[in-house]
Amino acid sequence: MKKAILIFISLFFLAASIPTYQYIKKKDAAYNKEQAKQQAKSKQYYNKAYDYYQKNQIYEAKQNLDQSLSYYKYDKSYILRAVIYENSNQLDKAIDDYNELIKIDEKNKKYYNSRGFLYYKQKKYNQALDDFNQSLKINKKQDDIKYYTSLIYQVKKEYKKSLEVVNELIDQEGNDDYYTLAAEDYFYLKKYKKSISMIDKCSNKNEYLIELQADSYYELKDYKTALDYLNQLPESKDIYYKQALCFYYLKDYEQALLYFGKYDGNDKKVQKFIEDCKKQDAKQNESVQENKQIVQGDTQKENDYIQANKELLKYENYNKSVKYYEDKNYAQAILYLKKYIDETQNHEAKYFLAYLYHLNEQINEAIQMYSECIERDIQKGNCYYSRGVLYLQNKDYKKAVTDFQNSYDLGIKKDYSKYNQGVAYMNQSLFKESTRCFIEVRDTSSNEELVSKAKDILSRYYVT
């Protein structure tokens, strides 16, 4: 009897629960259906936003992304909106979007990398370091992130930690960026010979590296070698000061005074150097006056020589120009080359003149001379490329785009032409065009350094 009662009660509750189960199932189905609708609307607004973004209609893109995210937390909408915020320098808002993305997928290294770069831009180095380290925990094989980690340690003046990371990169594959970073770390740690050895490994030594090499030799008290490197650099007050110190310690007080005069500094330390130079130089005054008389006599002889050898001097002016160019005295090289062109009417030499103006940072004169060479069909492709570089430097991006396309079409420095064209487009916020350029460089260039730079830009700005 009791067993029958228990069976009856069980059947009663089972029958009573069936409607409740069916209700919950229907409710779940309705919820899932509504969720699917929300997601579909979100993606629809994202697609509209992406189309606007490709057309560089940024305001409309942003509006549609806001709509997309009001329906559903769609990862691509967050990414694209973060890119727009970053490009408009609204870095905190971009960081907020990456915060949401990390909540959605905390194992995605790209989100940590992107947020880390934003913190790096804001000079919030500890936060950037935390993000990069978190990304490296997810995937250790990220050389670009390791490089920035090393760079941050250097900025924080933790040079030994910076060296640990960058030397690990160098052991895998050396390149100029790694060698430069290591050279700086060694210099700050006062290991100057190590710094020099790293600079020597660089395939392309720019002005910064040459100056760093000069500074290292100076610290090693090898003033003559330091001067050799300083003489390769463009003239500036800082370089004059360093040259003056080298001459002072080499006891060439006349030259030291000359360069201290060019430096034109008024601080007490410099004044002491100048006073000491004058004392040491005073003993040589008499011989200096005699030398002046000799120079005046030589000048008269030179004038006689000019009158007697006018035809030969046309070529002598060109040779002098080349000599001054090799000595990196571009102002004097320009002077003699202009004399040569005036006397011979050799228009082919104007390309060399344009190049000298370029090196001497006489930008307007260089552009004008490159333009004249293009009109005369002299080194046309090279002139387009070089003029494009100057337009890019002057932020005249539209003209730069045209010149780089022309140099590309003429087969001159094709990978650099396309990369620089991408940079010019990006500075005009023409991201679709710039993306196309960087993809071409990434996929076709044999220049590893350029490919690496293109990949870095694409990983940060290219939205799929």
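Why does Phe-132 count as buried? Its relative accessibility is 0%, and buried means under 20% relative accessible area, exposed over 50% and partly exposed in between (1.4 Å probe, protein chains only). The model is predicted, so local features need pLDDT of at least 70 and side-chain atom pairs pLDDT 80 or more, whereas totals for chains, interfaces and linings use all residues. Residues are numbered from 1 along each chain as its sequence is written, and side-chain values use heavy atoms, without hydrogens and water.

**View 1. Surroundings of Phe-132.** Beyond four places away in sequence, Phe-132 touches Asn-113, Gly-116, Phe-117, Ile-145, Tyr-148, Thr-149 and Ile-152 (contact: heavy atoms within 4.5 Å).

**View 2. The aromatic pair of Phe-117 and Phe-132.** A search of the whole structure finds 36 aromatic pairs (ring centres of Phe, Tyr and Trp, the latter by its six-membered ring, within 6.5 Å; planes under 30 degrees apart are stacked, over 60 edge-to-face, the rest tilted). Phe-117 and Phe-132 are edge-to-face, at 5.3 Å centre to centre and 65° between the planes. Because Phe-117 lies in helix H5 (residues 109-121) and Phe-132 in helix H6 (residues 125-138), the pair ties together parts 15 residues apart in sequence (helices: DSSP runs of H or I, at least four residues, numbered from the N terminus). Phe-117, at 5% relative accessibility, also counts as buried.

**View 3. The pair of Tyr-218 and Tyr-223.** These rings are edge-to-face, at 5.4 Å centre to centre and 65° between the planes. Tyr-218 is partly exposed, with a relative accessible area of 23%, whereas Tyr-223 is buried at 14%.

Terms used. Helix = DSSP H or I, 4+ residues; strand = E, 2+ residues; numbered from the N terminus.
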